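Colleague: I am new to this structure and would like to go through it with you step by step. Could we begin with the surface and then turn to the rest of the chain?

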Amino acid sequence: MNNYQSAPSSRAPLLKRLMAFLYDLFILFALSMGYWALATIFMVFILGQQDSRSFTTVQNIVFLGGWLLTLTGFYWFFWKRAGQTVGMRAWRLKLISTDQTPLSHRQILIRVIIAPISIGLLGVGYWWSFLNKNQASWHDLASQTQVVMTSKPDKKK
């Protein structure tokens, strides 16, 4: 167990959660650039199309779906592996199940579906945490998860 995976201490405040999300956005942007570069290479060299305006609706949907799967895969990988994305680790946050069991694929799926809706509706799903006694947002409630603070890592001597 590394220092960042120590026992959770308290629920994470919304500002820290949003700052962790901001950190993750930089990584998501880089992943997006890489994905679209590979998609463009595929379209040009494999399918022989030189202009994106000539893409069919089906091709656009397939490539958009691939991009969404890439972004989802980022969260899925990190949440399933350690309960923390890079941004969450920097802000000492951890995603855990409300019943303290390991995060299930079902919980992660629900979370990655509801979280964009939470933020897409002018952040109402996040602001909900101010009204909820447990500081839970919509995606926390729907997925039966919670974001908690972790203790500071021990300094190495």
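**The nonpolar patch and the chain around it**

Modeller: In this predicted model, a nonpolar surface patch of about 1,200 Å² is made by Leu109, Ile113, Ile117, Leu121, Leu122, Val124, Trp127, Trp128, Phe130, Leu131 and Leu141. Two or more residues of the patch are given by each of the elements α4 (105-120) and α5 (124-131).

Colleague: Which element gives the largest share of the nonpolar patch?

Modeller: The patch draws two or more residues from α4 and also from α5. Of these contributions, the largest share amounts to 5 residues, and the element that supplies it is α5.

Colleague: Within what arc do the buried residues of α5 fall, seen down the helix axis?

Modeller: The buried residues of α5 are Gly125, Tyr126 and Ser129. Seen down the axis of α5, these residues line one face of the helix, because the arc they fall within is 110 degrees.

Colleague: Which residues are exposed on the other side of α5, and which elements do its buried residues pack against?

Modeller: On the other side of α5, the exposed residues are Phe130 and Leu131, both of which also belong to the nonpolar patch. The buried residues of α5, for their part, pack against α1 (14-46), α4 and α6 (138-143).

Colleague: How far apart in space are Met149 and Ser10, C-alpha to C-alpha?

Modeller: Met149 has its place in strand β3, residues 145-150, and with a relative accessible area of 8% Met149 is buried. Although Met149 and Ser10 are 139 residues apart in sequence, their C-alpha atoms are separated in space by 5.3 Å.

Colleague: What pattern does the chain follow along the sequence?

Modeller: The secondary structure of the chain comes to 6 helices and 3 strands. Read along the sequence, these elements follow the pattern β-α-α-α-β-α-α-α-β.

Colleague: Over which residues does pLDDT stay under 50?

Modeller: The chain averages a pLDDT of 88, and 90% of the residues score at least 70. Where pLDDT is low, the predicted coordinates should not be read in detail. The stretch over which pLDDT stays under 50 is residues 1-7.

Terms used: Residues numbered from 1 in each chain as written. Predicted model: local features only at pLDDT ≥ 70, side-chain atom pairs only at ≥ 80, totals over all residues. Heavy atoms only, no water. Patch = residues over 30% accessible without salt bridge, like charges linked within 9 Å, V, L, I, M, F, W, Y side chains within 5 Å. Areas by Shrake-Rupley, 256 points an atom, 1.4 Å probe, with all protein chains shown as cover. Salt bridge = Lys/Arg side-chain N within 4 Å of Asp/Glu carboxyl O. Helix = DSSP H or I, 4+ residues; strand = E, 2+ residues; numbered from the N terminus. Buried < 20%, exposed > 50% of the residue type's maximum accessible area, 1.4 Å probe, protein only. Arc of directions from axis to C-beta. Contact = heavy atoms within 4.5 Å. pLDDT = per-residue confidence, 0-100.
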